[in-house]
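Biologist: Before we discuss any details, could you put the model on the screen? I would then like to go through it with you, one question at a time.

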Amino acid sequence: MSLAAPRASALLSGAAFALAAGLMWGLVFITPLLLPDYPAVLLSVGRYVAFGVIALPLAFMDRRRLRGLARADWLEALKLAAIGNLLYYSLLASAIQRAGGPLPTMIIGTLPVVIAIVSNRRDAHRDGRLPWARLLPSLALIAAGIALVNKVEIDTLRAAGADFDLARHATGALLAVGAVACWTWYPLRNADWLRAHPDRSPRTWATAQGVATLPLALAGYALVWAFLPAQYAPPLGPRPAVFVAAMVTIGLLASWLGTLCWNEASQRLPTTLAGQLIVFETLAALAYAFALRGTWPAPLTLAGIALLIAGVAWALRATPEPVAAEAHAN
């Protein structure tokens, strides 16, 4: 009984941290819609320049713990920054600017399913295995919810008639699939490091990723402006005040604080379950998109959202079984 209470507490606190991360990450989906006159790659490097600058004073305050990171740790932070930050958001922002907010959001919404499947095969020896008979109902609920919302949005786009450019939306969908690949890799690798270093602070690791991102983002920022036409008005673009405010907001909330909350969740939850909780990002992004439109979701959209929530709740009830115990029993 004394062992069950901490586990239940870890599940609840882990889910709360994942929810907080999702609410903050959802902000990045509406930023490309608020700044359609900025190239997607500029939004990505701008966001992570802001993230890196924000991380510097945090790194100074946490310098003792950061000095404890080995060279291999910094190389891992650099890889996570390059793929999970810069490449992921470049692909996502490009997808949103080509296909609008809902379609890429729903494609990214497949992440809980994709990560759960990959993790259940990849991390069974570390986290235990969720038998497919228990995992499939929650995955089916999540997939059905995503399909319902996606259908409503595609029908809405098609109803726009001449404004619906199939080739442009198909390109946006492909870019969103690339973003899914990046963000399937990122949480699995990030969880590997966190679970291998349970004595390390998730806050320190979030700050380390910010510090690692800064030189990459600065180099990318210089490269982008070297090739952009003068009409984009370097170095801050045609609407500098809005651009800076948006980059600082998502740099602080979505990048640093969101990463911190996700790291906390990753240390508390099995990777298979944590992966499914990325669904909170999809729900938040949809809520923000509808708020930006000034419309309420259609009934089918609400039904899809209910299915997503039901799938997450079902997943949290499932308990991984140790692989060693299964092998011993056989």
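Predicted model: local features only at pLDDT ≥ 70, side-chain atom pairs only at ≥ 80, totals over all residues.

Biologist: Which residue forms a salt bridge with Asp 37?

Modeller: Asp 37 counts as partly exposed, at 30% relative accessibility, and in its salt bridge the closest N and O atoms are 3.0 Å apart, the partner being Arg 239. Asp 37 lies in the loop between α2 and α3, whereas Arg 239 lies in the loop between α11 (202-227) and α12 (240-268), so the pair ties together parts that are 202 residues apart in sequence.

Biologist: Is Glu 76 buried or exposed?

Modeller: The side chain of Glu 76 meets that of Arg 189 in a salt bridge of 2.8 Å, N to O. Because Glu 76 lies in helix α5 (residues 71-99) and Arg 189 in helix α10 (residues 166-196), the pair ties together parts that are 113 residues apart in sequence. Arg 189 is partly exposed, with a relative accessible area of 25%, whereas Glu 76 has a relative accessibility of 11% and, with the cut-off for burial at under 20%, counts as buried.

Biologist: By about how many helical turns are Glu 264 and Arg 268 separated?

Modeller: These two residues also form a salt bridge, in which the closest N and O atoms are 2.6 Å apart. Glu 264 counts as buried at 18% relative accessibility, while Arg 268 is partly exposed, with a relative accessible area of 30%. Because they are four residues apart in helix α12, the separation between Glu 264 and Arg 268 is about one helical turn.

Biologist: Which residues is Asp 62 in contact with, leaving aside its neighbours within four places in sequence?

Modeller: Asp 62 lies in the loop between α3 (40-61) and α4, and at 7% relative accessibility it counts as buried. Once those sequence neighbours are set aside, the contacts of Asp 62 are with Arg 203 and Thr 204.

Biologist: Which residues form the positive surface patch?

Modeller: One of its members, Arg 65, is found in helix α4 (residues 63-67) and is partly exposed, with a relative accessible area of 38%. The patch as a whole is formed by Arg 63, Arg 64, Arg 65 and Arg 67.

Biologist: How far apart in space are Ser 138 and Gln 276, C-alpha to C-alpha?

Modeller: Ser 138 is found in helix α9 (residues 132-159), and at 0% relative accessibility it counts as buried. Although Ser 138 and Gln 276 are 138 residues apart in sequence, their C-alpha to C-alpha distance is 9.1 Å.

Definitions and conventions. Residues numbered from 1 in each chain as written. Heavy atoms only, no water. Helix = DSSP H or I, 4+ residues; strand = E, 2+ residues; numbered from the N terminus. Buried < 20%, exposed > 50% of the residue type's maximum accessible area, 1.4 Å probe, protein only. Patch = residues over 30% accessible without salt bridge, like charges linked within 9 Å, V, L, I, M, F, W, Y side chains within 5 Å. Areas by Shrake-Rupley, 256 points an atom, 1.4 Å probe, with all protein chains shown as cover. Salt bridge = Lys/Arg side-chain N within 4 Å of Asp/Glu carboxyl O. Lys, Arg positive; Asp, Glu negative; His and termini not counted. Charge placed at Lys NZ, Arg CZ, Asp CG, Glu CD. Contact = heavy atoms within 4.5 Å.
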